Amino acid sequence: SPMDKPQGSRSQLFLLRMWVEGVGNGRLEIRGQIKHIPSAETTYFRKWSALQSFLKRKLEEKETADNP
């Protein structure tokens, strides 16, 4: 299936770390860090939208570089 193997230069490698952190009043919040391995660019996030934006930006940068 297409999800089994990376598609050559279209493939990107990311490292994702996630953890749960107490934010007071007994509330917990999911936190995360994502690193784009080829560029070593790293960002931290608390909201899924920030993770999604980072991934989208890095994938679009690669697509633009491959298709000038």
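Helices (H or I, at least four residues) and strands (E, at least two) are DSSP runs, numbered from the N terminus. By that rule the protein chain holds one helix and three strands. From the N terminus on, the elements run β-β-β-α. This is a predicted model, where local features need pLDDT of at least 70, side-chain atom pairs count only at pLDDT 80 or more, and totals for chains, interfaces and linings use all residues. Residues are numbered from 1 along each chain as its sequence is written, and side-chain values use heavy atoms, with hydrogens and water left out.

**The sheet**

- The three strands form an open sheet in the order E1-E2-E3, with antiparallel pairing. Two strands pair if DSSP finds at least two bridges between them.
- Strand E1 (14-24) and strand E3 (41-45) are the edge strands, and each pairs on one side only.
- Neighbouring strands of this sheet are turned by 15 degrees against each other on average, direction ignored. The axes behind this angle are lines fitted to C-alpha atoms, for helices over the stretch in contact, and angles run from 0 to 180 degrees between N-to-C directions.
- Strands of a sheet pair through backbone hydrogen bonds, either parallel or antiparallel.

**Strand pairs and turns**

- E1 and strand E2 (residues 27-36) run antiparallel and are joined by 10 bridges.
- Within this pairing, Gly22 stands opposite Leu28 in E2.
- E1 and E2 form a hairpin with two residues between them. Asn25 in the turn has a positive phi of about 55 degrees.
- E2 and E3 also run antiparallel, joined by five bridges.
- Lys35 has Thr42 in E3 as its bridge partner.
- The hairpin of E2 and E3 has four residues between the strands. In its turn, Ala40 has a positive phi of about 65 degrees.

**Aromatic pairs**

- Rings of Phe, Tyr and Trp (its six-membered ring) pair if their centres lie within 6.5 Å; planes under 30 degrees apart count as stacked, over 60 as edge-to-face and the rest as tilted. The count comes to two aromatic pairs.
- Phe14 and Phe54 make an edge-to-face pair, at 6.4 Å centre to centre with 75 degrees between the planes.
- This pair links distant parts of the chain: Phe14 lies in strand E1 and Phe54 in helix H1 (residues 48-66), 40 residues apart.
- Phe14 counts as partly exposed because its relative accessibility is 23%. Buried means under 20% relative accessible area, exposed over 50%, partly exposed in between (1.4 Å probe, protein chains only).
- Phe54 has 4% relative accessibility, so Phe54 counts as buried.
- Phe45 and Trp48 make a tilted pair, at 6.5 Å centre to centre with 40 degrees between the planes.
- Phe45 is buried, at 6% relative accessibility. Trp48 is exposed, with a relative accessible area of 53%.

**Two residues of strand E2**

- Gln33 sits in strand E2. Its relative accessible area is 13%, so Gln33 is buried.
- The side chain of Gln33 makes a polar contact with the side chain of Arg17 (2.8 Å). The side chain of Gln33 also makes a polar contact with the side chain of Tyr44 (3.5 Å).
- A polar contact is a pair of N or O atoms within 3.5 Å; within protein, one must be able to donate a hydrogen and the other to accept it, and residues adjacent in sequence count only if both atoms are side-chain atoms.
- Not counting residues up to four places away in sequence, Gln33 touches Leu15, Leu16, Arg17, Trp19, Thr42, Thr43, Tyr44 and Phe45. Contact means heavy atoms within 4.5 Å.
- Arg27 is found in strand E2 too. Arg27 counts as exposed because its relative accessibility is 52%.
- Leaving aside neighbours within four places in sequence, Arg27 is in contact with Glu21 and Gly22.

**Whole chain**

- Of the 68 residues of the protein chain, 15% count as buried.
- Among contacts in the protein chain with a separation of 6 or more, 22% come from residues 24 or more positions apart.
- The protein chain exposes about 5,500 Å², and carbon and sulfur atoms supply 54% of it. Accessible areas come from the Shrake-Rupley method with a 1.4 Å probe; for residues, only the protein chains shown count as cover.
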